[in-house]
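Subject: Structure for you to look at

Hello,

Here is the structure I said I would pass on. My notes on it follow below.

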Amino acid sequence: MSAQHGSPASLLPARDSSRMAWVDAAKGMSILLVVAHHAVSFLHTSGLAPPAVVVANTALASMRMPLFFLVSGLFVAGPLAASWRTLLHKRVAFFLHLFVAWTVLRFAFFHTPAVAAVDPYVDDTDVGALALALVIPGSGMWFIYALALFAVIAKLVRGVPMSLQLGVAGVLSAVVGADLLHLESDVWARMARHLFFFLLGWHARTLVERVARAATALRVTAAAAACVACAAAAVVLGIRWIPGVALGLNVLAVTFGVLFAAWISRYRLGRPLVALGAQTLPVYLIHIFWIAVVMVGLQHVDVPPAAAYALPAVLAVGCTLLSLLTHRVLVAGGATWLFTLPSRLAYRAPAPVTA
């Protein structure tokens, strides 16, 4: 779809007829994990997240964003083949417009005293952070920023051999993942780690689709067991500092994510994930506001210890649904500019000259 004139619901501006249900299921999984991650961050700040929940949330980082970036790269070949002017308008300008608009909205919202009191990302919402947002993006909007940046990087290296692209990006991910290269911002470190998966999605689409087609319940179970075993071994042996270990865990987790998404998308149980995967953009942009509102209310509730274990899942589902509803209300009210590039900024290819 066109990022400007089609449905604004997907974080992938380009869709095509070869798109399969598992892709949306994978995106649906990823966005739920993102919402749950932010829910756990808010709960932890307020003392409502049990240690086991925090540990589980940290472990899921191996799959959460790497899978999102892999899927984002699967359909980037078309936009990269277009002219620089088209790419800069349809991907870079689109994502940067969203980044600026929602960064300002988040800044204003999180300066509400009641909301600021429960904010775990307070460093992102001061005046200095806002002024430097285009240089050091905040932790809440960095994915949108990365999609624009990665599109430019991929366009610049189109003529470079694929093996060299993936090799350099893989080494960068391995070094940063082992904490051997300290970047100025944690957000820049995340982007350095995840560029590899965006490029992998671009160059290895055929391989990724082959893995998806091979999904069975047995392979999903085996992949899950391998992820848990290897992650546990890395922690017990204390080897996560070795370059390549964190990257290897990411690759294992992403493989599981692809297999699981492909497997569950074949059944009725997976239909909600598939439907959600086609609407990830409004959820990504809006959910943090609803989590903050709910957390303001939870400050005055005596949450039973047992219920605290279920809160991240409840918040993830509830705030996802509220985000989708809010998106509908905003679009119906004419605020489409919050989710699309305004038409006056959109690039229109010149009409063909007819004889």
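I began with a pair of helices. The axes of helix α5 (residues 84-109) and helix α15 (residues 280-298) come within 12 Å and cross at roughly 5°. Angles under 35 degrees count as roughly parallel, and α5 and α15 are therefore roughly parallel to each other. On the α5 side, the contact is made by Phe94, Leu98, Trp102, Leu105, Arg106 and Phe109. On the α15 side, the residues are Leu281, Leu285, Ile286, Ile288, Phe289, Ala292 and Val293. By class, this contact has 12 nonpolar residues, no polar ones and 1 charged.

Please keep in mind that the model is predicted.

Now the chain as a whole. It has 17 helices and 0 strands. A compact globule of 355 residues would have a radius of gyration near 20 Å, and the chain agrees with that, at 20 Å. Along the principal axes, the C-alpha atoms fill a box of roughly 75 × 45 × 45 Å.

Next, the largest pocket. Its volume is about 1400 Å³. Lining the largest pocket are 49 residues, and the closest to its centre are Asn57, Thr58, Ala61, Ser62 and Arg64. The elements that each give two or more residues to this lining are α1 (21-45), α2 (51-59), α3 (61-74), α9 (162-177), α10 (186-203), α12 (217-237) and α13 (245-264).

Which helix gives the largest share of the lining? That is α1, with 7 residues. As for the classes, the lining of the largest pocket divides into 30 nonpolar, 13 polar and 6 charged residues.

If you open the file, the two places to look at are the contact of α5 with α15 and the lining of the largest pocket around Asn57, Thr58, Ala61, Ser62 and Arg64.

Regards

Key:
Residues are numbered from 1 along each chain as its sequence is written. This is a predicted model: local features need pLDDT of at least 70, side-chain atom pairs count only at pLDDT 80 or more; totals for chains, interfaces and linings use all residues. Side-chain values use heavy atoms; hydrogens and water are left out. On a 1 Å grid over the protein atoms alone, a cavity is a set of points where a 1.4 Å probe fits but cannot get out, and a pocket is an open set with protein on both sides within 12 Å along at least five of seven lines; lining residues have an atom within 4 Å of a point. Grid points are joined across faces, edges and corners, and a volume is the space filled by probe spheres set on the points. Helices (H or I, at least four residues) and strands (E, at least two) are DSSP runs, numbered from the N terminus. Ala, Val, Leu, Ile, Met, Phe, Trp, Tyr, Cys and Pro count as nonpolar, Asp, Glu, Lys and Arg as charged, and the others, Gly among them, as polar. Axes are lines fitted to C-alpha atoms, for helices over the stretch in contact, and angles run from 0 to 180 degrees between N-to-C directions. Angles under 35 degrees count as roughly parallel, over 145 as roughly antiparallel, 65 to 115 as roughly perpendicular and the rest as oblique. Contact means heavy atoms within 4.5 Å. The radius of gyration is taken over C-alpha atoms; the globule rule is 2.2 Å times the number of residues to the power 0.38.
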